[in-house]
Amino acid sequence: APLADLVFAAVPAAVQKLGVPGKTLVVGNPVRPEVFGQDRAEARALLGAGGRTVLLSFGGSLGARRLNEMVAELMQWEQAGQKGILHIHATGSREAEAFAGLMAQKGLAGNAGLAVKEYIDNMPQMLAAADLVISRAGALTLAELCAAGRAAILIPSPNVAENHQYYNALELQKVGAAVVIEEKELTAEKLIQTVERLTADRASLAAMGKLAKALSEPRSLEKITAKLFELADRPA
């Protein structure tokens, strides 16, 4: 950062951490346009969601073993109690086989309230349909959650530089848009209790989503591009 002519930050809290506030601009993170433009009713209809609460969970393209294990426990609770939840989960490529084993072990295979995939290739549509998202807290995941206006339970990966996922996730929790559970504190009981509390009131979930939406920056790419052209035109 000290060597750069211009620094872009996703959130105001990053400005001081980057160490050069005088040349740092807060511009958000660019998000693909289709995340903003989805029809929620249409996305839910395509899933056959009806009046059910749609829960979307994922741990990245490779998968996250700890998160997958806790999600399997959560699914068992959902189905045992007939909670009226449609749960869509992406296992990740590395964890797909292990998760299939967990589902078989818990008698969850073939359940109509569960849709398990290795990878979600239509994420904008799934975010539009969801009421609540359980995920890691990568920068672009957070940007897409905000763009879609979705309530979230965030479980930051501890295996990242300077624990940055945790600090990024806190920005959503501070405004009431998300609940953060650190992996070292993650248990099936805690995840189930959090999901039960949040899904008990759909209006509160929608309110959390609006708070997330308020953090989004739909003009992020335009702002970055404009500043880069301005910098390129600056006399040497």
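Colleague: Which residues of the largest nonpolar core touch the most other members?

Modeller: Of its 32 residues, they are Leu56, Ile120, Leu127, Val133, Leu145, Leu154 and Leu172. A nonpolar core here is a set of buried Ala, Val, Leu, Ile, Met, Phe, Trp, Tyr and Cys residues joined through side-chain atoms within 4.5 Å. Buried means under 20% relative accessible area, exposed over 50% and partly exposed in between, with a 1.4 Å probe and protein chains only.

Colleague: Which element gives the most to this core?

Modeller: Helix 7 does, with 6 residues. At least two residues each come from strand 3 (53-58), strand 4 (85-90), helix 6 (123-129), helix 7, strand 7, helix 8 and strand 8. Helices (H or I, at least four residues) and strands (E, at least two) are DSSP runs numbered from the N terminus.

Colleague: And what sort of model is this?

Modeller: It is a predicted model, in which local features need pLDDT of at least 70 and side-chain atom pairs count only at pLDDT 80 or more, while totals for chains, interfaces and linings use all residues. Residues are numbered from 1 along each chain as its sequence is written, and side-chain values use heavy atoms, with hydrogens and water left out.

Colleague: Turning to the strands, what does strand 6 pair with?

Modeller: Strand 6 (residues 132-135) pairs with strand 7 in the parallel sense over 4 bridges, and Leu132 stands opposite Ala151 there. Strand 3 also runs parallel to strand 6, joined by 3 bridges, with Leu55 opposite Leu132. Two strands pair if DSSP finds at least two bridges between them.

Colleague: How is strand 7 joined to its neighbours?

Modeller: Strand 6, helix 7 and strand 7 make a right-handed β-α-β unit. The chain then crosses from strand 7 through helix 8 to strand 8, again as a right-handed β-α-β crossover. Right-handed means that, with the strands pointing away from the viewer, the path from the first strand over the helix to the second runs clockwise. Strands 7 and 8 (residues 178-180 for the latter) pair in the parallel sense over 3 bridges, with Leu154 opposite Val180.

Colleague: Are the faces of strand 7 buried or exposed?

Modeller: Both faces of strand 7 (residues 151-154) are covered: Ala151 and Ile153 are buried on one side, Ala152 and Leu154 on the other. In strand 6, Leu132 and Ile134 point one way, Val133 and Ser135 the other, and all are buried. In a regular strand, side chains alternate between the two faces of the sheet.
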